[in-house]
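Please consult the sequence and the structure shown here.

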Amino acid sequence: AAALGVVLGAVVRSVLTAYEGSAVGADVLQWRLAWADEICRVWNGVSVDEEYYRRFAVLNGGIAGTSSAAAVASSSLSSPSAETTWTVPEHMLSPGSDGKPTELPKKLGLFLRLHNDDVHTYEEVTRALNGRPSGPISVPHCGRGNNGQIGGAGMSSVEFKALSGRTSPKDIDLKDNTIMDQSHTSPFKQIEPSNATASVGSSTTNPRSFRNRSLSGEADVPERQNRRFRGESTDVVTPSRTASLEIDPSSQLVTRSSTAEELTRRVDADGQVLVRDYKTIDGAGIGFSRLRKDVGLHASVMTTPRLDAEERAKQLLEWLAELLTAHPAVSAIVVQALVDVTDGEDVLCVDKGVGEQKQQQQQQQQPQQKELRGVIRGVAVWTNARMLPCWSGTIEDWWGEKQTLPAWRRRLDVFPPHLESSYLTREEGRELYRQGLMSPWADNFATESGTDPNFYANVPYSLPDSRLYKSPHSLWGSLPLSHIRPTNISGKGKFSHPLLSKISNSMMLEDDDENAISTHVFLRNRIFLIDTDLRKYQEGERLTASLFPHKLEGLNLVSGVGHVSENGSSGCRYGDASMGLTSKEDAIRIASCSSYKSPISPVLLLLLFDPYTPKLLRSSLHRLFLKLLTDSRFKSRFAASLGAIVHRPTSTLFCAGVGTEADTLLSFTVQLFTTGSLVRALGNLDATTALLCREDRVDDAENSCISALPIAHGVVRSIHTNILGASRETARAMTGILDYDEEWIGHVSESNNNQKSPTSSGKSNTDHPLSKLLPATPDDKFIDSRCMKHKRIPHLLRDLEYIFETSGTAVKLLKSWRTPSSVQPASSGLEAMNESITPSPSFSLQNGPTNSLATYNTPTAIDFSAVWARFLRLGQGIDLQKRKVSGGHVEYENDRWLGAYGMSLNLSGTGDALSESPFSNVTFNADEQSVEAFLESAKHANREAMGNLFAAFFREIKMWLYREGLQDSGALP
């Protein structure tokens, strides 16, 4: 079972990697730097950062005439300032001295892919592929990161000593990211550039000034793969004209009209199609801009490895679906791999000796009491590869001829193979390495673990933490737990590991007391997913046509690879936790206004990335989900991820025109929202938290950071904001706002990335979604929008009907959650006048059903009755018919009445579902006295619910008559 858990965890990681690549390809802010990183690793001959140590030693050893083993053993003596001409993203993203970007490796291509939707016509797609642009199109740059000017270079032993305060930093040159170590010289000869590469850069002092092809060698890069696709290729032109043809703003994406028509037919049949390939990143960026900015089509740029990963993931998903029928244990392991939020720390089954009560008892005992962690813990499913740290055993002293034990045997003494704490992910191993060399006992750490202090010194650059995911449309982001709250509330003040505890105790104690060594492992901060979409109205067409959505008012960029593009990271060093993160003050401000905060699990990420994946891969995953829905554990966790977190960003993209109605993730709502227990759980914060947090619940303080909106409030708010975004008043408000896509091309921002134009400051929401009513729209232009014409809003209203039909939902939604003794905030101005005209009734019930808002820590929350009445006001007086008194007879009648009639029917049906919803379940097994008390309590609850609903209706009728609470192009109410 343990071996199978590792295999199935690797399968889930492979599928998640393919999904992540599809999402990154849809965001130019991410794929420019991410694909440049892939290309650089191919040229450098490495796949992970740890391979730079071996690669550097082998190359220099071969040049010096020494063996590879000797080069590895003596690499610690080499100076990091030696001429190591690695390829870095700046070579791929910034033109060289000859004005041309560096070419792509063989067998690696860039492909422009077009996805299908049902909001663009056949002629619009064909015209976008075969037509010429109306104006000049620039390369989509956005800051220093998009040009490859990033930092994060590896640190040597000299810099570690300086940063830890054990030596003076006078020999450190942070500007050039190099270390001037004068204590010893490199035994390796300097690498001279070849004639073919010497012209790329004239300076030989900076390791990034030129790239030596002999480092990776032509043998490391096989011949180019002829990948089949249905678009056009730039291989037909000579290499001297390729780059100029790709970046020509007046050139066509597809030269032949017949080819464009064929591509349009194929994208409608297959769901996506490869339009053409590119030989430069800038050329691919212009092609992406042509489809995204001009037309608003759903496009992406993919690389050959990412396309292969999607094909591999599709086969793995089909294999998993077949494997589920083999044995029930397989299904349980797959579910654990999908819903685990701890990356293997929370196991599938735990023995009684190390259960929750036992763990709490151990925490209350003396520190000398050893934990049983890693001995008997059940089956752990690792979605990330774990291994003994690669840097252990690389010191030269361990490889001497006089050593009695070989290096590999001593390495097992440092990291015993029978302990769970010995197996770390690559990221955890890097953090343990950094913590050890930054500690006061760094010399003892290097000697005890056999670590070369220069192991990561030859890493030329690094990117932010790979767990800092970002929405391609900036609808959500991820932050460490320390950035969500002002202090670290997880109870783990700093990173810890048994090796660090052992070395620190040996330095402070006279004798090594093994009982004092902690076995606790904490080397990575918890990552939470937060809502970064703070808009009060969501304009779908502007969102899908924007190259940099985070520049739109109300959308925020908090972390990830794209965040490097804003402020750059040239001042960050390798392993710096602040790389790719916004400031704590800004993160806390956004988190306080977010509608959800949740720890990240693989199933949550798969659901968020689902709209950006190809059709066949998405269908394979949906079939796997349908088979797993028979598992109650997976169904409940799947419902919490989809209903409490994913529903809002997915519905926003759905209303904006991404995807088709027949192939959407929202089709699962009929399986979830018709289950009464799940709907009731999603309307209670405590139950939702239990379905989103780690199942062993060993850290209640961490679980307190989880938050989400009640499911009914979230669905109504999502529909309301999408209708507001399609109104004429929203378009009028957007007219005076600068086009951020044009303003930020090639611009380097030194200020905060969330600084917006003052002309649209009223659009950003600074209140919690539960504490502010949305405005009503003064016009009915939304009838002609995508969300109405292509049946987006009716689909969401059907989900709302499913929620209302759950027994007991209506009374819980409509019943006031405030008691007469509760403290209410004082109202002022218009709100106070409305309260005095139509006051909300309040009844004190002891045994009645509680309102769902009672579990949410929002003292100023608005009752659902007011939210529902304001939402129904959107359909009041739409498509008014006026008698024409002059100007002749009507020759052509528009069909707007169809949309208005359809929406009125949908709103009426949803309202009927709320009014006809069973208020509660009556059990007839109780005695007569209990039944009478229950009926009396239900009578009072129904009276209060209906009173709240009618009071909200009267308040909105009064405000509609006086045209109050309307959306305004200025500051919104």
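Is Glu956 buried or exposed? With a relative accessible area of 7%, Glu956 is buried, where buried means under 20% relative accessible area, exposed over 50% and partly exposed in between (1.4 Å probe, protein chains only). The model is predicted, so local features need pLDDT of at least 70 and side-chain atom pairs count only at pLDDT 80 or more, while totals for chains, interfaces and linings use all residues. Residues are numbered from 1 along each chain as its sequence is written, and side-chain values use heavy atoms, leaving out hydrogens and water.

**Salt bridges**
- The whole structure holds 33 salt bridges, each a side-chain nitrogen of Lys or Arg within 4 Å of a carboxyl oxygen of Asp or Glu.
- Glu956 forms one with Arg870 (2.9 Å, N to O); Arg870 is likewise buried, at 5%.
- Glu38 and Arg306 form another (2.7 Å, N to O), and both residues are buried.
- Asp663 pairs with Arg618 (2.6 Å, N to O); Asp663 is buried at 16%, and Arg618 is buried at 11%.

**Surface patch**
- Met946, Phe950, Phe954, Ile957, Trp960, Leu961 and Tyr962 make a nonpolar surface patch of about 760 Å².
- Patches comprise residues with over 30% relative accessible area and no salt bridge; like charges are joined within 9 Å, and nonpolar side chains (Val, Leu, Ile, Met, Phe, Trp, Tyr) within 5 Å.
- Accessible areas come from the Shrake-Rupley method with a 1.4 Å probe; for residues, only the protein chains shown count as cover.
- Ile957 is partly exposed, at 45% relative accessibility.
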